[in-house]
Amino acid sequence: MPELPEVETLCRQLKKTALFMEILDARVFDPKLMPLDRLKGTKIIATCREGKSIKMTLASGMEFLLHLRMTGRLLWQGKDSPLPSHARFTVSFENGILVCIDPRRFATVCIQHPQYFTSAAIDPLSSFLPQQLSTLAERRSLPIKNFLMEQGVIGGIGNIYACEILHEAAINPSRKAKSLSATEWEKIAQATHSILKRAICCRGTTISDWRDLFGQKGTYQAYLKVYAREGQKCLRCNAVIHRASLSGRGTYYCPSCQR
Ligand SMILES: [Zn+2]
């Protein structure tokens, strides 16, 4: 599933391609999705990320929201390129076509009036204070990894980056969220900033199906320290990386240096 760095990559690439271009047509091929006729004739005048959603502000005053969920991706292609398989909708601009490809059909779209009540979730890239996290985690007995992935708390962190952040912060993923010290929250905040920013520079992590707007793989997989490294040596302490299941999600960690 695309996480913050992947969604941020798409937002930045959309700014370079679709921004301020007139929308000539919008076609939906999946009856599960709402019609997108209201996109015709308007323009995207701003695009930003909210958690794992892409928010496009339209010149018409409306907002076009897209959440890619499990297998959704966006592809920018030339006007005469053939439609790829699993295309769910297309938006045609003067200079190219935006295609949403989604084999499992979980991605959602919405055209709505601007929401004045934005999500209360902390954006991991904002200069959020470790104390904010610490306060939110009071009385929370769930594992710290699940806490970091709660979209109502922090927007945009999923399984891959939660594993990497906790390794960098040297904290065991199954520790109760409420058990962390102020110093440990500080380490989590620092690791979150550094890992997500580096992953954005790499245009995300391609383990299987993630591709950017131009069909290119991300490169952060080359820098993963625990995720998908079960049985290999920890790059910090040489112990063997373990894989456990936390709430059904594959969780990679070093039992020796993550306490
Ligand atoms: Zn280790």
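Two strands are taken to pair if DSSP finds at least two bridges between them, and on this basis the predicted model contains an open sheet of four strands in the order 1-6-7-5, with antiparallel pairing. The edges of this sheet are held by strand 1, residues 23–28, and strand 5, residues 73–77, each of which has a single partner strand, so that one side of each is left without a neighbour in the sheet. From one strand to the next, the twist averages 15°. Strands of a sheet pair through backbone hydrogen bonds, and this pairing may be either parallel or antiparallel. In the pairing of strand 1 with strand 6, residues 87–93, the sense is antiparallel and there are five bridges; within this pair of strands, arginine 27 stands opposite threonine 90 in strand 6.

For the chain as a whole, the secondary structure comes to five helices and 10 strands. The radius of gyration is 20 Å, which is close to the 18 Å that the globule rule gives for 259 residues, and the chain is therefore as compact as a globular protein of that length. Along the principal axes, the C-alpha atoms of the chain fill a box of roughly 55 × 40 × 30 Å. Of the 259 residues, 34% count as buried, and among the contacts with a separation of 6 or more, 60% are accounted for by residues 24 or more positions apart.

The chain is divided into two parts, domain 1 covering residues 4–112 and domain 2 covering residues 130–253, and the centres of these domains, taken over C-alpha atoms, are separated by 28 Å. Where the domains meet, 18 residues of domain 1 are in contact with 19 residues of domain 2. On the side of domain 1 that touches domain 2, the elements that give two or more residues are helix 1, residues 4–17, and strand 5, and helix 1 gives the most, with 10 residues. By class, this side of domain 1 has eight nonpolar, five polar and five charged residues.

Proline 2 lies in the segment before helix 1. A residue counts as buried if 20 or more other C-beta atoms lie within 10 Å of its own, and proline 2 is therefore buried, since 27 other C-beta atoms are found within 10 Å. When residues up to four places away in sequence are not counted, proline 2 touches Val7, Lys52, Leu68 and Trp210. The C-alpha atoms of proline 2 and isoleucine 160 are separated by 9.8 Å, although these two residues are 158 residues apart along the chain.

Note on methods
Residues numbered from 1 in each chain as written. Predicted model: local features only at pLDDT ≥ 70, side-chain atom pairs only at ≥ 80, totals over all residues. Axes fitted to C-alpha atoms, helices over the stretch in contact; angles between N-to-C directions. Domains from an automatic or database assignment. Contact = placed C-beta atoms within 7 Å. Nonpolar A, V, L, I, M, F, W, Y, C, P; charged D, E, K, R; others polar. Buried ≥ 20, exposed ≤ 12 C-beta atoms within 10 Å, placed from the backbone. Rg over C-alpha atoms; globule rule 2.2 N^0.38 Å.
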